[in-house]
Amino acid sequence: ICTASITAIFTIVPNPTLSVISPTPVICAGQSFTYTNSGASSYTWSSSNPGNYIYTTGNIAVINPSINSVFSVVGSSLGCLSAIQSSSMTVNPLPVFNITGNTNICPGTSATLAASGTGSSYTWSPAFFLSSVSGSLVTASPNTQQNYLVTGELNNCLNTAMVTVSV
């Protein structure tokens, strides 16, 4: 009688454990955000909203959503998959505003300029011939044509507009 025996050694490979840096980012409309992952050898990202573009390379994902979104990632190592990690991203809108006022003045007179819209605050620059550099209402008294850049802020998001006062 012949006998044969085989010894097999099995190694149990654990599922990868992912970490996602900055799991709940807040960005402004038009901005992108870069996620960095670790814990696996490859990653697959997906979005809760169709049309969100995700650029990935290695452990980096660059995302540019236009609305609040949830992004999910699964990691893979040696044929094993991680649990899904999700990240909720808040996309704050940019302030929308208009600049009104008489922008054509005579020498020695002034123009009252008003910023109105969704901005919670407004700053004006340059400060030349302005009554103030902050606020929604300013008086401009330039002696020659002057361009003013107005920056509106809403939830830490900025938008700009330009106004020209002509003399």
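Colleague: Is the disulfide between Cys28 and Cys157 left-handed or right-handed?
Modeller: In this predicted model, the sulfur atoms of Cys28 and Cys157 lie 2.0 Å apart and form a disulfide. The torsion about their S-S bond is about -95°, and because of that value the disulfide of Cys28 and Cys157 is left-handed.

Colleague: How many residues apart in sequence are the parts that Cys28 and Cys157 tie together?
Modeller: The structure holds one disulfide, and both of its cysteines, Cys28 and Cys157, are buried. Cys28 belongs to strand E2 whereas Cys157 belongs to strand E15, so the separation in sequence of the parts that they tie together is 129 residues.

Colleague: In which sense do strand E2 and strand E9 pair?
Modeller: Strand E2 covers residues 26-28 and strand E9 covers residues 85-92, and three bridges are found between them. Within this pairing, Val26 stands opposite Thr90 of E9. The sense in which E2 and E9 pair is parallel.

Colleague: Which residue in E9 stands opposite Ser72?
Modeller: Strand E9 also pairs with strand E7, residues 69-77, and here five bridges are made in the antiparallel sense. Opposite Ser72, the residue that stands in E9 is Ser86.

Colleague: Which residue makes a side-chain polar contact of 2.5 Å with Ser87?
Modeller: Ser87 lies in strand E9, and because its relative accessibility is 1%, Ser87 counts as buried. Leaving aside neighbours within four places in sequence, the contacts of Ser87 include Pro23, Pro25, Val70 and Phe71. The side chain of Ser87 is joined by the polar contact of 2.5 Å to that of Tyr35.

Colleague: What is the relative accessible area of Asn92?
Modeller: Asn92 is found in strand E9, where, not counting residues up to four places away in sequence, Asn92 touches Val26, Ile27, Cys28, Ala29, Asn155 and Cys157. Two of these names, Cys28 and Cys157, are the partners in the disulfide. Asn92 is buried, and its relative accessible area is 16%.

Colleague: What is the bridge partner of Gly152 in E15?
Modeller: Strand E14, residues 146-154, and strand E15 run antiparallel and are joined by nine bridges. In E15, the partner of Gly152 is Asn159.

Colleague: In which strand of the protein is confidence lowest?
Modeller: The mean pLDDT of the protein is 92, and 100% of its residues reach 70 or more. Confidence is highest in strand E12, residues 121-125, at 98. The lowest confidence, at a mean of 82, falls in residues 19-20, which form strand E1.

Methods. Residues numbered from 1 in each chain as written. Predicted model: local features only at pLDDT ≥ 70, side-chain atom pairs only at ≥ 80, totals over all residues. Heavy atoms only, no water. Pairing = 2+ DSSP bridges. Helix = DSSP H or I, 4+ residues; strand = E, 2+ residues; numbered from the N terminus. pLDDT = per-residue confidence, 0-100. Disulfide = S-S within 2.5 Å. Buried < 20%, exposed > 50% of the residue type's maximum accessible area, 1.4 Å probe, protein only. Contact = heavy atoms within 4.5 Å. Polar contact = N/O pair within 3.5 Å; in protein donor to acceptor, adjacent residues only side chain to side chain.
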